[in-house]
Amino acid sequence: MENVFVHPTAIVDDGALIGEGSRIWHFCHIMPGAKLGEKCVLGQNVFVGPGVQIGNGVKIQNNVSVYQGVVIEDDVFCGPSMVFTNVINPRSAIERKDAFKSTLIRKGATIGANATIICGIELGHHCFIGAGAVVTKEVLPYELWIGNPARRIGWMSERGVRLHFDINGYATCEESGEKYFLDGGQCEKVL
(Lines give C-alpha, C1' and ligand atoms only; values in the text may rest on other atoms or scores of the structure.)
Protein backbone atom coordinates (compact mmCIF):
# COMPACT_ATOMS: atom_id res chain seq x y z
CA MET A 1 0.00 0.00 0.00
CA GLU A 2 2.13 2.85 -1.30
CA ASN A 3 1.17 6.44 -0.55
CA VAL A 4 -1.80 5.27 1.52
CA PHE A 5 -2.70 6.91 4.82
CA VAL A 6 -4.36 4.71 7.44
CA HIS A 7 -5.03 6.37 10.79
CA PRO A 8 -3.66 4.34 13.72
CA THR A 9 -7.19 3.72 15.06
CA ALA A 10 -8.40 2.26 11.73
CA ILE A 11 -8.42 -1.48 11.04
CA VAL A 12 -7.60 -2.82 7.58
CA ASP A 13 -7.98 -6.60 7.61
CA ASP A 14 -5.64 -8.91 5.71
CA GLY A 15 -7.00 -9.47 2.22
CA ALA A 16 -8.41 -5.95 1.83
CA LEU A 17 -6.96 -4.00 -1.11
CA ILE A 18 -6.40 -0.25 -0.77
CA GLY A 19 -5.56 1.85 -3.84
CA GLU A 20 -2.67 4.28 -4.03
CA GLY A 21 -3.25 7.74 -2.60
CA SER A 22 -6.27 6.73 -0.50
CA ARG A 23 -6.83 8.05 3.03
CA ILE A 24 -8.60 6.13 5.77
CA TRP A 25 -9.43 8.11 8.91
CA HIS A 26 -10.28 7.44 12.57
CA PHE A 27 -12.08 4.24 13.63
CA CYS A 28 -12.69 2.85 10.12
CA HIS A 29 -12.86 -0.89 9.49
CA ILE A 30 -12.14 -2.44 6.08
CA MET A 31 -13.03 -6.16 5.94
CA PRO A 32 -11.19 -8.94 4.04
CA GLY A 33 -11.86 -9.03 0.31
CA ALA A 34 -12.96 -5.39 0.16
CA LYS A 35 -11.40 -3.39 -2.64
CA LEU A 36 -10.93 0.38 -2.36
CA GLY A 37 -9.70 2.24 -5.44
CA GLU A 38 -7.11 4.99 -5.79
CA LYS A 39 -7.42 8.46 -4.22
CA CYS A 40 -10.43 7.60 -2.06
CA VAL A 41 -11.21 9.25 1.27
CA LEU A 42 -13.01 7.43 4.06
CA GLY A 43 -14.07 9.72 6.90
CA GLN A 44 -14.31 8.80 10.55
CA ASN A 45 -16.14 5.59 11.53
CA VAL A 46 -16.66 4.13 8.03
CA PHE A 47 -17.26 0.37 7.72
CA VAL A 48 -16.57 -1.46 4.44
CA GLY A 49 -17.89 -5.03 4.35
CA PRO A 50 -16.31 -8.13 2.84
CA GLY A 51 -16.20 -8.20 -0.94
CA VAL A 52 -17.38 -4.60 -1.35
CA GLN A 53 -15.99 -2.88 -4.45
CA ILE A 54 -15.29 0.85 -4.33
CA GLY A 55 -13.91 2.69 -7.38
CA ASN A 56 -11.38 5.50 -7.69
CA GLY A 57 -11.88 8.99 -6.28
CA VAL A 58 -14.78 7.99 -4.00
CA LYS A 59 -15.46 10.11 -0.90
CA ILE A 60 -17.35 8.44 1.94
CA GLN A 61 -18.10 10.79 4.79
CA ASN A 62 -18.33 10.01 8.54
CA ASN A 63 -20.52 7.21 9.93
CA VAL A 64 -21.31 5.31 6.72
CA SER A 65 -21.47 1.50 6.48
CA VAL A 66 -20.98 0.00 3.03
CA TYR A 67 -22.34 -3.53 3.36
CA GLN A 68 -21.64 -6.66 1.35
CA GLY A 69 -23.46 -6.46 -1.98
CA VAL A 70 -22.81 -2.76 -2.58
CA VAL A 71 -20.72 -1.73 -5.60
CA ILE A 72 -19.63 1.92 -5.87
CA GLU A 73 -18.13 3.15 -9.14
CA ASP A 74 -15.63 6.02 -9.56
CA ASP A 75 -16.08 9.56 -8.21
CA VAL A 76 -19.13 8.86 -6.01
CA PHE A 77 -19.87 11.04 -2.97
CA CYS A 78 -21.55 9.43 0.06
CA GLY A 79 -22.66 12.08 2.56
CA PRO A 80 -22.38 11.84 6.34
CA SER A 81 -24.47 9.13 8.01
CA MET A 82 -26.16 8.00 4.79
CA VAL A 83 -27.35 4.37 4.88
CA PHE A 84 -27.06 1.38 2.57
CA THR A 85 -29.14 -1.73 3.25
CA ASN A 86 -28.60 -5.24 1.91
CA VAL A 87 -31.68 -7.23 3.00
CA ILE A 88 -35.30 -6.27 2.15
CA ASN A 89 -36.97 -7.96 5.11
CA PRO A 90 -34.50 -8.28 8.01
CA ARG A 91 -35.40 -10.07 11.23
CA SER A 92 -33.02 -10.51 14.14
CA ALA A 93 -34.06 -14.13 14.75
CA ILE A 94 -33.84 -15.18 11.07
CA GLU A 95 -30.52 -15.56 9.25
CA ARG A 96 -30.83 -14.00 5.75
CA LYS A 97 -27.24 -13.74 4.55
CA ASP A 98 -28.28 -15.73 1.47
CA ALA A 99 -30.86 -13.03 0.70
CA PHE A 100 -28.42 -10.10 0.31
CA LYS A 101 -29.41 -7.93 -2.67
CA SER A 102 -26.89 -6.03 -4.79
CA THR A 103 -26.91 -2.27 -5.00
CA LEU A 104 -25.01 -0.45 -7.75
CA ILE A 105 -23.99 3.20 -7.45
CA ARG A 106 -22.84 4.48 -10.86
CA LYS A 107 -20.00 6.88 -11.61
CA GLY A 108 -20.28 10.43 -10.29
CA ALA A 109 -23.43 9.91 -8.20
CA THR A 110 -23.99 12.02 -5.07
CA ILE A 111 -25.86 10.72 -2.03
CA GLY A 112 -26.70 13.40 0.53
CA ALA A 113 -26.35 13.27 4.31
CA ASN A 114 -28.72 10.89 6.12
CA ALA A 115 -30.19 9.51 2.89
CA THR A 116 -31.20 5.83 2.86
CA ILE A 117 -30.70 3.61 -0.19
CA ILE A 118 -32.85 0.47 -0.11
CA CYS A 119 -30.97 -2.54 -1.52
CA GLY A 120 -31.47 -4.13 -4.91
CA ILE A 121 -31.51 -0.93 -6.97
CA GLU A 122 -29.20 1.08 -9.21
CA LEU A 123 -28.42 4.77 -8.91
CA GLY A 124 -27.60 6.12 -12.37
CA HIS A 125 -24.43 7.98 -13.20
CA HIS A 126 -24.23 11.55 -11.95
CA CYS A 127 -27.62 11.36 -10.22
CA PHE A 128 -28.10 13.47 -7.11
CA ILE A 129 -29.90 12.19 -4.01
CA GLY A 130 -30.87 14.95 -1.58
CA ALA A 131 -30.18 14.88 2.15
CA GLY A 132 -32.58 12.67 4.09
CA ALA A 133 -34.13 11.06 1.00
CA VAL A 134 -35.33 7.45 1.20
CA VAL A 135 -34.70 5.85 -2.21
CA THR A 136 -36.72 2.69 -2.86
CA LYS A 137 -36.42 2.33 -6.63
CA GLU A 138 -34.03 2.84 -9.52
CA VAL A 139 -32.74 6.35 -10.25
CA LEU A 140 -31.80 7.33 -13.81
CA PRO A 141 -28.67 9.25 -14.82
CA TYR A 142 -28.64 12.97 -13.89
CA GLU A 143 -31.92 12.75 -11.93
CA LEU A 144 -32.39 14.80 -8.74
CA TRP A 145 -34.39 12.97 -6.07
CA ILE A 146 -35.62 14.18 -2.66
CA GLY A 147 -38.16 13.18 -0.02
CA ASN A 148 -39.56 10.13 1.74
CA PRO A 149 -40.28 8.16 -0.29
CA ALA A 150 -37.92 9.89 -2.69
CA ARG A 151 -39.13 11.09 -6.08
CA ARG A 152 -37.59 12.91 -9.02
CA ILE A 153 -37.92 16.69 -8.90
CA GLY A 154 -35.46 17.61 -11.66
CA TRP A 155 -32.02 17.01 -13.14
CA MET A 156 -28.44 17.91 -12.25
CA SER A 157 -25.37 18.41 -14.42
CA GLU A 158 -22.15 16.46 -13.94
CA ARG A 159 -20.91 19.47 -11.95
CA GLY A 160 -23.85 19.21 -9.51
CA VAL A 161 -25.72 22.24 -10.88
CA ARG A 162 -29.52 22.16 -11.31
CA LEU A 163 -30.52 22.02 -14.99
CA HIS A 164 -33.36 24.09 -16.46
CA PHE A 165 -34.58 22.86 -19.86
CA ASP A 166 -35.95 25.11 -22.61
CA ILE A 167 -39.04 24.24 -24.69
CA ASN A 168 -36.86 22.25 -27.11
CA GLY A 169 -35.51 20.05 -24.32
CA TYR A 170 -32.03 21.58 -24.03
CA ALA A 171 -30.24 22.89 -20.94
CA THR A 172 -26.79 24.34 -20.28
CA CYS A 173 -24.86 23.83 -17.06
CA GLU A 174 -24.34 27.32 -15.66
CA GLU A 175 -20.95 26.32 -14.24
CA SER A 176 -19.33 24.31 -17.06
CA GLY A 177 -21.26 25.40 -20.18
CA GLU A 178 -21.92 21.72 -21.03
CA LYS A 179 -25.16 20.98 -22.85
CA TYR A 180 -27.84 18.43 -21.89
CA PHE A 181 -30.91 17.11 -23.69
CA LEU A 182 -34.13 15.83 -22.11
CA ASP A 183 -36.32 13.43 -24.10
CA GLY A 184 -39.05 11.16 -22.81
CA GLY A 185 -38.05 11.61 -19.19
CA GLN A 186 -34.39 10.77 -19.78
CA CYS A 187 -31.52 13.23 -19.69
CA GLU A 188 -28.28 12.86 -21.56
CA LYS A 189 -25.20 15.00 -22.02
CA VAL A 190 -24.77 16.36 -25.56
CA LEU A 191 -21.28 15.66 -26.86
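Thr110 is in contact with Phe77, Cys127, Phe128 and Ile129, leaving aside its neighbours within four places in sequence. The model in which these contacts occur is predicted. Thr110 belongs to strand β16, which covers residues 110–111. Its relative accessible area is 16%. Thr110 therefore counts as buried, the cut-off being under 20%.

Thr116 has a relative accessible area of 19%, so it is buried. Beyond four places in sequence, the contacts of Thr116 are with Val83, Ala133, Val134 and Val135.

A second, separate core has eight residues. Trp155, Cys173, Tyr180 and Cys187 are among them. The largest nonpolar core has 39 residues. Those with the most contacts inside this core are Ile60, Ile72, Phe84, Ile111, Leu123, Ile129 and Val135.

The fold as a whole was then examined. The chain has 25 strands and zero helices. The C-alpha trace spans about 55 × 45 × 20 Å along its principal axes. The radius of gyration is 17 Å. A compact globule of 191 residues would have a value near 16 Å, so the chain agrees with that expectation. Of the 191 residues, 39% count as buried.

Asp13 lies in the loop between β2 (11–12) and β3 (17–18). Its relative accessibility is 22%, so Asp13 counts as partly exposed. Asp13 is in contact with His29, Ile30, Met31 and Pro32, leaving aside neighbours within four places in sequence. Gly33 is 20 residues from Asp13 along the chain. The C-alpha atoms of Asp13 and Gly33 are separated by 8.6 Å.

Backbone geometry was considered next. Most residues other than glycine have a negative phi, and most peptide bonds are trans. Ser81 has a positive phi, near 60°. This residue is found in the loop between β13 (77–78) and β14 (83–84). Ser81 counts as partly exposed, because its relative accessibility is 27%. Tyr142 also has a positive phi, near 70°. Tyr142 lies in the loop between β20 (134–135) and β21. At 3% relative accessibility, Tyr142 counts as buried. A cis peptide bond joins Asn148 and Pro149. Its omega is about -5°. Pro149 is placed in the loop between β21 (143–147) and β22 (150–155).

Methods:
Residues are numbered from 1 along each chain as its sequence is written. This is a predicted model: local features need pLDDT of at least 70, side-chain atom pairs count only at pLDDT 80 or more; totals for chains, interfaces and linings use all residues. Side-chain values use heavy atoms; hydrogens and water are left out. Helices (H or I, at least four residues) and strands (E, at least two) are DSSP runs, numbered from the N terminus. The radius of gyration is taken over C-alpha atoms; the globule rule is 2.2 Å times the number of residues to the power 0.38. Buried means under 20% relative accessible area, exposed over 50%, partly exposed in between (1.4 Å probe, protein chains only). Contact means heavy atoms within 4.5 Å. A nonpolar core is a set of buried Ala, Val, Leu, Ile, Met, Phe, Trp, Tyr and Cys residues joined through side-chain atoms within 4.5 Å.
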